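Open the model in your viewer and keep the selection tool at hand. The stops below say what to select next and what is there.

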Amino acid sequence: MEHERPFTIRFSENDQEVALEGSLRPAGAEDFAPVRARLDHAADAVRGVLYLNFKRLRYLNHAGFLELARFIAACAERHPALKLKLVISSVVPWAPLRFGFLGARFGNTIVEQYDKAFYPGQGVIENDQLVPVLRTQTNIVWSHERELLRQHGLGKHMRIADICCGIGDFAVLVYKEFEPTYIVGVDHSRPFLQYAQQIARDFGITDIEYQFGDATHLFLPSNSFDFVTSRLALQIFNDPSSILRELLRICKPGGRVYLTNEMSAHNYGYPRHESVTWTYQQAVKIAQSLGMDMNFGPKMFSLLTDMGFEDVRMEQIPITNNNTAIDDFARVIESWEEYVTGELSTATQQPPEVVERLRMGFRDHVYAIRSRRGFATWPIYVASGRKPGR
Amino acid sequence: MTSDPAPPSPSGPSPILTLRISVRGLYDSWTHCQRLADYIARFVASDRFDPEQLTTRLSTYLNEVLEYVFRARPSEGEIVVEVGRTDEHVIAELTMPTDEALARRLRVDLGLAEPTDARARYEAEFESMILRPPAEVGLLELVALHGVGLALREGEGTGVIVLTVPHE
Ligand SMILES: C[S@@+](CC[C@H](N)C(=O)[O-])C[C@H]1O[C@@H](n2cnc3c(N)ncnc32)[C@H](O)[C@@H]1O
């Protein structure tokens with residue numbers, strides 16, 4: 001987000017949109033009059049819907065808020081057929097509170113939070129139900145990843161960005177292990193970031209910066225990080241290249257971008273493998289209906305190569321019940337069971353018999369993990385590439 | 001959200017910054033309110049986890065209080081802004097000189113910003129605000145919609161507005 005910018009208002013007749021940006025803090029109605037005149041003019045000039053774009057309005061005082069409300073009230077009288085659509089971003093913290101309030105009070109007003117629906121699976125991802133899932137996963141992956149990170153070029157005293165950092169536990173582990181000169185984690189889930197901040201506070205860590213932000217439009221400067229990570233995140237986004245482009249942009253020339261993603265269809269457990277396999281295939285389909293590609297892992301090599309990365313390296317973390325603490329592994333699968341049969345099934349309205357069968361498959365996977373003669377896997381793909389130039 | 005003006009911290013908030021502004025200086029320009037609010041917010045938030053977000057929030061709230069003080073027009077003297085931090089909150093105290101009339105006004109307006117039923121009262125006020133010029137409900141809105149705490153502390157010829165802002 002930029003520093004305090006002056007106020008601007010622009011009307012595009014073609015788009016039927018008025019964009020208000022910067023800082024709007026009038027002393028009162030008189031001070032607001034020129035803005036009101038522009039708004040009235042726009043309302044007179046359009047038919048159907050007038051878009052009021054507040055995405056980049058960083059400041060609004062209460063006086064300005066009231067004047068906007070008066071404009072909306074006046075619109076309802078003067079143009080009864082006109083709808084006002086307020087387009088807002090939650091990256092501006094007061095915006096959902098105030099405009100939500102207006103939306104609830106005025107019949108002619110609809111509030112659209114642009115970053116609420118910017119990828120289809122968002123509702124089921126940015127939710128604190130996912131916290132236990134992420135936590136247990138990081139716990140068991142870290143023992144493998146710690147060494148792999150070195151092999152993929154992470155060293156001590158680097159500038160690191162973890163994009164889609166989730167609950168921030170990876171950033172904490174990296175911070176302790178690699179003593180970065182600077183590390184920032186960005187995520188678009190408030191519950192996750194709150195959790196991340198709490199953890200850092202509890203651990204007495206003050207040097208990790210966490211930012212609320214959008215991975216497809218980062219506010220971080222270009223060419224400024226030695227190592228950029230994004231773990232288990234591209235797979236949940238319907239347009240992974242738009243994130244990867246941003247990771248490439250903020251990475252220094254010669255620095256590396258490091259990704260991990262899954263191939264859920266290859267999660268396996270024996271015995272009872274048919275049930276296990278059915279469940280993961282079904283889960284992949286459900287996720288697909290929300291725009292996620294849970295089999296994204298193996299595709300990273302192509303994507304990195306196509307985007308011009310050099311020295312692309314890729315491998316698999318073969319998590320099995322032979323190389324991982326059994327209780328932890330089981331807990332990960334149990335947290336998936338809860339998440340997929342709860343949150344995810346509800347969001348996609350799965351019939352009860354499907355939910356039941358999904359549940360059985362997860363339980364059979366846990367059975368394979370815990371059984372003396374069972375074998376169970378969860379493969380994770382790791383890939384990294386170097387940004388050209390230097 | 002808390003309504004406590006002074007959160008339970010045995011040692012009190014740890015101080016971050018103190019600013020003294022002459023009342024006359026503030027009245028030179030309306031835009032002083034936002035300049036001050038932005039400056040203080042950016043300074044206070046600089047070492048926090050998400051400085052940009054906290055700056056936006058703090059500046060929004062401080063500006064509202066400064067605009068209130070601007071409109072309330074204390075007589076000659078100084079306005080002192082002291083900002084400190086506890087584990088949970090940023091606490092800003094604005095001390096201004098008061099006479100009888102201003103002290104009364106502060107009591108009324110900050111009484112209106114009392115946290116109990118703040119939202120319902122703000123909603124009721126809002127309806128009439130659309131029709132007539134606003135009473136001092138900018139402060140009530142801070143409590144009702146944004147969940148910050150506001151309180152008044154009175155001294156000998158001074159009034160102190162205490163703004164309590166949760167870190168997140
Ligand atoms: C499956 S989680 C993985 C989190 C973390 N990297 C980990 O491994 O535990 C995916 C994360 O991506 C975040 N995310 C998705 N789209 C995002 C976007 N456009 N901007 C920022 N974060 C995003 C979600 O909020 C979520 O925290």
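**Stop 1: a salt bridge between chains**

Select Asp38(B) and Arg25(A): these two residues form a salt bridge, with 3.2 Å between the closest N and O atoms. Bear in mind that the model is predicted. Between chain A and chain B the count is 3 salt bridges.

**Stop 2: the side of chain A that touches chain B**

Now colour chain A by its helices and strands. Strand E4 (57-60), helix H2 (62-78), helix H3 (95-105), helix H7 (190-202) and strand E9 (208-212) of chain A each supply at least two residues of the side that touches chain B. Which of the elements gives the most to this side of chain A? Select H2(A), which gives the most, with 6 residues. By residue type, the side of chain A that touches chain B divides into 20 nonpolar, 7 polar and 11 charged residues.

**Stop 3: the whole contact**

Show both chains together. Chain A brings 38 residues to the contact and chain B brings 34 residues. About 3,200 Å² is buried between chain A and chain B, and carbon and sulfur atoms give 53% of that area. Next select Arg25(A), His62(A) and Phe101(A), which in chain A lose the most area to chain B. Together these three make up 21% of what that side buries.

**Stop 4: Asn63(B)**

Move to helix H3 of chain B, residues 51-72, where Asn63(B) lies. Is Asn63(B) buried or exposed? Its relative accessibility is 1%, so Asn63(B) counts as buried. Display the residues around Asn63(B): leaving out those up to four places away in sequence, Asn63(B) touches Arg25(A) and Asn61(A) in chain A, and Cys33(B), Gln34(B) and Ala37(B) in chain B. For Gln34(B), look at the backbone nitrogen, which the side chain of Asn63(B) reaches at 3.4 Å.

**Stop 5: cysteines**

Select the cysteines last. A disulfide is a covalent bond between the sulfur atoms of two cysteines. How many disulfides are there over all chains? The count comes to 0. Take Cys165(A): the closest cysteine sulfur is in Cys164(A), 8.0 Å from the sulfur of Cys165(A), and therefore too far for a bond. Cys165(A) is buried, at 5% relative accessible area. Finish with Cys75(A), which is buried with a relative accessible area of 3%.

Conventions. Residues are numbered from 1 along each chain as its sequence is written. Chains are lettered from A and ligands numbered from 1 in the order in which they are written. This is a predicted model: local features need pLDDT of at least 70, side-chain atom pairs count only at pLDDT 80 or more; totals for chains, interfaces and linings use all residues. Side-chain values use heavy atoms; hydrogens and water are left out. A disulfide is a pair of cysteine sulfur atoms within 2.5 Å. Buried means under 20% relative accessible area, exposed over 50%, partly exposed in between (1.4 Å probe, protein chains only). Contact means heavy atoms within 4.5 Å. Buried area is the accessible area (1.4 Å probe) that two parts lose on being put together, summed over both. A salt bridge is a side-chain nitrogen of Lys or Arg within 4 Å of a carboxyl oxygen of Asp or Glu. Helices (H or I, at least four residues) and strands (E, at least two) are DSSP runs, numbered from the N terminus. Ala, Val, Leu, Ile, Met, Phe, Trp, Tyr, Cys and Pro count as nonpolar, Asp, Glu, Lys and Arg as charged, and the others, Gly among them, as polar. A polar contact is a pair of N or O atoms within 3.5 Å; within protein, one must be able to donate a hydrogen and the other to accept it, and residues adjacent in sequence count only if both atoms are side-chain atoms.
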